[in-house]
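Here is a short briefing on one protein chain, meant to be read with the sequence and the 3D view side by side.

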Amino acid sequence: MLQLSKKDAIVYDGDELEHIKNIILDYAWEDQKNKTITIKNKISKHTLKKQECKCVYCEQQLIWLGPQIEHIADKSKYKQYGFEPLNLVIACAYCNGSSKKHDEDTVLYEHERYEKCEFKIVHPYLDNVKEHFVYLMDGQVVYDYKKCTPKGMFTIDTFGWDSYQYLLIFQRVQDQKNKPIPIDLEKLISEISGYKRKNN
Ligand SMILES: [Zn+2]
């Protein structure tokens, strides 16, 4: 899991904040749809850049996989956090589509201030990620499950990170670290972050 810093979270301008408030209160009209798309594209571009085009959870490169805006606290359950900067990350389709993650309420205790919420899964912005995971041997591929913290274990279970499919992904992530692919990050991000516009 990537470690993200709070200062890297997206910042909205006054206009955007006003629009977001309307969306949350259900006051955003159909003719304002383009504004919502523009904000989502800004989130996507900003976050992809901060995450260096990697999935926040499994860290695999998103070059060939469609990046998806992921809400750590599910946006259907926690509408008020739909645009909360610390709740927004980019994930790959495997992690975002993980059925267990979808079924699971990731919030343990809710608080009116997002930062004060308690999460069941390791939170890339609010937790010290490294503290929660221990690996077998040096390569960061196989988890030493019983040595992880309870929150770490819960995260592994939620995403199914001990499955064969993820072992292959984690191995590939390590290979990419050893042999980085030369990519023009700026170009790549502008190409893949505009995906929502095409669909609308
Ligand atoms: Zn992933």
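From the N terminus on, the elements of the protein chain follow the order α-α-β-β-α-α-β-β-α-α-α-α-α, which comprises 9 helices and 4 strands. The model is a predicted one, and its radius of gyration is 17 Å, close to the 16 Å that the globule rule gives for 200 residues, so the chain is as compact as a globular protein of that length.

**The chain as a whole**

- Taken along the principal axes, the C-alpha atoms of the protein chain fill a box of roughly 55 × 40 × 30 Å.
- Of the 200 residues of the protein chain, 26% count as buried.
- Among the contacts in the protein chain with a separation of 6 or more, 63% are between residues 24 or more positions apart.

- The buried residues of helix 2 are Ile43, Ser44, Thr47 and Leu48, and because they cover an arc of only 120° around the axis, they are on the same side of helix 2.
- These buried residues of helix 2 pack against strand 1, strand 2 and helix 8.

**Strands 1 and 2**

- Strand 1 (residues 68–71) pairs with strand 2 in the antiparallel sense, over 4 bridges, and leucine 88 in strand 2 is the bridge partner of histidine 71.
- In a regular strand the side chains alternate between the two faces of the sheet.

**From helix 2 towards strand 1**

- Just after helix 2, glutamate 52 takes a positive phi of about 50°.
- Cysteine 53, in the loop between helix 2 (33–50) and strand 1, has a phi near 65°, a positive value in a residue other than glycine.
- Glutamate 59 lies in the loop between helix 2 and strand 1, and its phi, near 70°, is a positive value in a residue other than glycine.
- Cysteine 53 has 19 other C-beta atoms within 10 Å and is therefore partly exposed, whereas glutamate 59 has 21 C-beta neighbours inside 10 Å and so counts as buried; the cut-off for a buried residue is 20 or more.

**Leucine 188 in helix 8**

- Leucine 188 is placed in helix 8 (residues 185–192), and with 16 other C-beta atoms within 10 Å it is partly exposed.
- Leaving aside neighbours within four places in sequence, leucine 188 is in contact with Cys53, Ile63 and Ile183.
- Leucine 188 and asparagine 128 are 60 residues apart in sequence, and their C-alpha atoms are 29 Å apart in space.

**Histidine 132 in helix 5**

- Histidine 132 has its place in helix 5 (residues 129–132), and it counts as buried because it has 20 C-beta neighbours inside 10 Å.
- Not counting residues up to four places away in sequence, histidine 132 touches Val122, Asp127, Cys148, Thr149, Lys151 and Gly152.
- Histidine 132 and asparagine 41 are 91 residues apart along the chain, and a distance of 32 Å separates their C-alpha atoms.

How values were computed: Residues are numbered from 1 along each chain as its sequence is written. This is a predicted model: local features need pLDDT of at least 70, side-chain atom pairs count only at pLDDT 80 or more; totals for chains, interfaces and linings use all residues. Helices (H or I, at least four residues) and strands (E, at least two) are DSSP runs, numbered from the N terminus. A residue is buried if 20 or more other C-beta atoms lie within 10 Å of its own, exposed if 12 or fewer, and partly exposed in between; C-beta atoms are placed from the backbone. Two residues are in contact if their C-beta atoms, placed from the backbone, lie within 7 Å. Two strands pair if DSSP finds at least two bridges between them. The radius of gyration is taken over C-alpha atoms; the globule rule is 2.2 Å times the number of residues to the power 0.38. The arc is that of the directions from the helix axis to the C-beta atoms.
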